[in-house]
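These are my notebook entries on a single chain, kept in the order in which I looked things up. I began with accessibility and then went on to charges, backbone angles and the pocket.

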Amino acid sequence: MADQNAPFPVAIIMGSQSDWPVMKVAADMLDHFGVRHDDRIISAHRTPERLHAFATGARAAGCKVIIAGAGGAAHLPGVTAALTTVPVLGVPIAGTALAGQDALYSIVQMPGGIPVGTLGIGAAGAKNAALLAIAILALEDPALAQKLDDYRAQMNADAPHRPQ
Ligand code: RP5
C-alpha cells in the first residue's frame, strides 16, 4: 500500500473549478498508473499569493512534475514555470469564445528561457500531460517504465486491423 505521507510526485493545478472536468482526465490517468497527485485550484490572477507559495515550495515538497491547466489568457503555466525549475506541463482549456486557441497560443508561446511543455487543447492534452509526467517519472522508476510499456502494448493490441 502507498505511503500516504510520501510526497506527491505530481501536482495538478488549475485556474478554476470549471477546469476540473478536463484536468480530471489527467488525474484519472495518473490513478490508472498508481501515481499519486496533489490537485489544487490556483489562479495566477485570482490567487497570486497562493501560486507563489505553491510554486516556490514545489521542489522542496518533493514535486517532480507540475501539470497546469488554464483557459483564456492562461498565464498559470508560464508564471508557475517562472517561479520553479520543476518541469511544468501546460494544458490549454477550451471555454471561451476562442475555444481554447487563446490558451494554446498563450501557453505555447513562452519567450525563450522559461519553458512550458505544452500539450493539446482539452481532454486529449490532459491525458497526454499525465502520460508525459509518467514518462518523466519512469526515467528513474523501472517498475513505472514497465507499466508504460504495458500500456503501449495494450493500445497496440486493441487497435483493430480493419474497420468494422
Ligand atoms: C481561467 O479562466 C481558468 O483557468 C478558466 O479556464 C477560465 C474561466 O474561469 P471561471 O470563470 O470559470 O472561473 O483562469
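I looked up Asp28 and found it partly exposed, with a relative accessibility of 38%; here buried means under 20% relative accessible area, exposed over 50%, and partly exposed in between, with a 1.4 Å probe and protein chains only. I note that this is a predicted model, in which local features need pLDDT of at least 70 and side-chain atom pairs count only at pLDDT 80 or more, while totals for chains, interfaces and linings use all residues. Residues are numbered from 1 along each chain as its sequence is written, and side-chain values use heavy atoms, with hydrogens and water left out.

Which residue does the side chain of Asp28 meet in a salt bridge? It is Lys24, at 3.1 Å from N to O, where a salt bridge is a side-chain nitrogen of Lys or Arg within 4 Å of a carboxyl oxygen of Asp or Glu.

I counted the salt bridges in the structure and found two. Arg40 is partly exposed with a relative accessible area of 36%, whereas Asp38 is buried at 19%.

I then turned to Asp102, which lies in helix H4 (residues 101-108). Asp102 is buried yet has no salt bridge, and the nearest side chain of opposite charge, that of Arg46, is 13 Å away; for charge, Lys and Arg count as positive and Asp and Glu as negative, with His and the chain ends not counted. What does the side chain of Asp102 make a polar contact with? The partner is the side chain of Thr96, at 2.8 Å. A polar contact is a pair of N or O atoms within 3.5 Å; within protein, one must be able to donate a hydrogen and the other to accept it, and residues adjacent in sequence count only if both atoms are side-chain atoms.

Ala74 has a positive phi of about 50 degrees; it sits in the loop between strand S3 (65-71) and helix H3 (76-83) and is buried, at 5% relative accessibility. Ala99 has a positive phi too, near 55 degrees, and its place is the loop between strand S4 (88-93) and H4. Is Ala99 buried or partly exposed? Its relative accessible area is 45%, and Ala99 counts as partly exposed.

Ser43 is in the loop between strand S2 (37-41) and helix H2 (48-57) and is buried, with a relative accessible area of 4%. A polar atom of the Ser43 side chain lies 3.3 Å from the backbone nitrogen of His45. Thr84, in the loop between H3 and S4, is buried at 10%, and its C-alpha is separated by 7.5 Å from that of Arg59, 25 residues apart along the chain. Trp20 belongs to helix H1 and is partly exposed at 24%; Trp20 and Gly69, 49 residues apart in sequence, are 8.8 Å apart from C-alpha to C-alpha.

Lastly I looked up the largest pocket, which holds about 280 Å³ of space. Its lining comprises 19 residues, of which Gly15, Ser16, Asp19, His45 and Gly71 lie nearest its centre. By class the lining has seven nonpolar, 10 polar and two charged residues, where Ala, Val, Leu, Ile, Met, Phe, Trp, Tyr, Cys and Pro count as nonpolar, Asp, Glu, Lys and Arg as charged, and the others, Gly among them, as polar. On a 1 Å grid over the protein atoms alone, a pocket is an open set of points where a 1.4 Å probe fits, with protein on both sides within 12 Å along at least five of seven lines, and lining residues have an atom within 4 Å of a point. Grid points are joined across faces, edges and corners, and the volume is the space filled by probe spheres set on the points.

Terms used. Helices (H or I, at least four residues) and strands (E, at least two) are DSSP runs, numbered from the N terminus.
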